[in-house]
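Welcome, and please open the structure in your viewer. This tour goes stop by stop, telling you what to select and what you will find there.

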Amino acid sequence: MIDKRYYREATPADWKAFRTASRVFIITGILIAIAWACLTAWFHTSISGQYYETTGTVLYNNEDWTTSSKTHRSYKTYAPVYEYTVDGKQYQGKSRTYSNIKVYEQGESIKIFVNKQNPLKSMQGADMTTWYILQIALPAMSIIWFIVAYIFQRVSKSYHKKYIEEQGVIGEP
């Protein structure tokens with residue numbers, strides 16, 4: 001016996017809506033996977049092959065002010081300015097990653113990546129972390145989108161089956 005309080009007849013709009021949502025999730029998942037593949041290929045060809053890891057020394061923390069878009073309050077942010085040596089020559093670089101706390105102290109050793117062809121170009125280790133996070137996050141998001149698409153597809157099929165049964169097409173002699 002079906003409890004009438006929680007039951008309503010399935011309509012074509014129900015299963016069509018879930019089928020459409022399923023297709024949207026599949027397409028979005030594919031686009032995310034393509035974005036991940038492109039970023040990974042770009043990362044490995046333009047960054048990984050051209051940079052090597054070395055150690056730098058923090059000279060000072062560059063201070064900047066940032067305003068929060070939500071609270072409209074200003075606060076100080078810090079990015080380390082570091083010095084490193086390549087073939088006996090001293091170079092300076094600045095991290096692109098700012099933090100609202102001083103992560104590094106003056107004189108502290110930090111991991112940096114230096115361009116093999118142009119030692120003036122360098123990145124601090126935290127700058128590379130963003131790319132590593134993207135290489136994990138994008139496939140995870142793509143998998144989640146595919147799982148949601150699968151769920152919507154299953155719901156769509158059950159609504160479609162329920163609709164056909166209610167119309168008397170299936171199960172009659």
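Predicted model: local features only at pLDDT ≥ 70, side-chain atom pairs only at ≥ 80, totals over all residues.

**The whole chain**

Start with a cartoon view of the entire protein. The secondary structure consists of 2 helices and 5 strands. Followed along the sequence, these elements give the pattern α-β-β-β-β-β-α. Of the 173 residues in the protein, 26% are buried.

**Stop 1: the salt bridge**

Which side chains meet in a salt bridge? Select Lys 76 and Glu 63, whose side chains come together at 3.3 Å, N to O. Lys 76 belongs to strand E2 and Glu 63 to strand E1 (residues 51-67), so this pair ties together parts that are 13 residues apart in sequence. A search of the whole structure finds 1 salt bridge. Glu 63 has a relative accessible area of 42%, so this residue counts as partly exposed. Lys 76 is also partly exposed, because its relative accessibility is 31%. As a general point, side chains of opposite charge can pair when their charged atoms come close.

**Stop 2: two loop residues**

Next, select His 72, in the loop between E1 and E2. The phi angle of His 72 is near 60°, a positive value in a residue other than glycine. With a relative accessible area of 63%, His 72 is exposed.

Move on to Asp 87, in the loop between E2 and strand E3 (89-94). Asp 87 is not a glycine, yet its phi is positive, at about 50°. Is Asp 87 buried or exposed? Its relative accessible area is 77%, so Asp 87 is exposed.

**Stop 3: the nonpolar core**

Now hide the surface and look inside. Select Val 58, Tyr 82, Tyr 84, Val 86, Tyr 91, Tyr 104, Ile 110, Ile 112 and Val 114: these 9 residues form the largest nonpolar core. Strands E2 (74-86) and E4 (109-115) each supply at least two residues of this core. In soluble globular proteins, nonpolar side chains tend to be buried together.

Stay here and show the rings. The structure holds 4 aromatic pairs. One of them joins Tyr 82 and Tyr 84 in a tilted arrangement, with 6.0 Å centre to centre and 40° between the planes. Tyr 84 also pairs with Tyr 91, and this pair is stacked, at 5.7 Å centre to centre with 20° between the planes. Tyr 84 has a relative accessible area of 1% and is therefore buried. Tyr 91 is buried as well, since its relative accessible area is 13%.

Which residues does Tyr 91 touch, leaving aside those up to four places away in sequence? They are Tyr 82, Glu 83, Tyr 84, Val 86, Pro 119 and Leu 120.

**Stop 4: along helix H1**

Turn to helix H1 (residues 12-48), and select Ser 22 within it. Ser 22 counts as buried because its relative accessibility is 4%. Beyond residues up to four places away in sequence, Ser 22 touches Ala 149, Phe 152 and Gln 153.

Ala 21 is in helix H1 too. With a relative accessible area of 18%, Ala 21 is buried.

For another group of rings, select Phe 25, Trp 145 and Phe 152, which form one aromatic cluster.

**Stop 5: a nonpolar patch**

Bring the surface back for the last stop. Select Ile 26, Ile 27, Ile 30, Leu 31, Ile 34 and Phe 146, which make a nonpolar surface patch of about 520 Å². H1 gives the most to this patch, with 5 residues. Take Ile 26, placed in helix H1: its relative accessible area is 31%, so Ile 26 is partly exposed.

Key:
Residues numbered from 1 in each chain as written. Heavy atoms only, no water. Core = buried A, V, L, I, M, F, W, Y, C linked by side-chain atoms within 4.5 Å. Buried < 20%, exposed > 50% of the residue type's maximum accessible area, 1.4 Å probe, protein only. Helix = DSSP H or I, 4+ residues; strand = E, 2+ residues; numbered from the N terminus. Contact = heavy atoms within 4.5 Å. Patch = residues over 30% accessible without salt bridge, like charges linked within 9 Å, V, L, I, M, F, W, Y side chains within 5 Å. Areas by Shrake-Rupley, 256 points an atom, 1.4 Å probe, with all protein chains shown as cover. Salt bridge = Lys/Arg side-chain N within 4 Å of Asp/Glu carboxyl O. Phe/Tyr/Trp six-rings, centres within 6.5 Å; stacked < 30°, edge-to-face > 60°.
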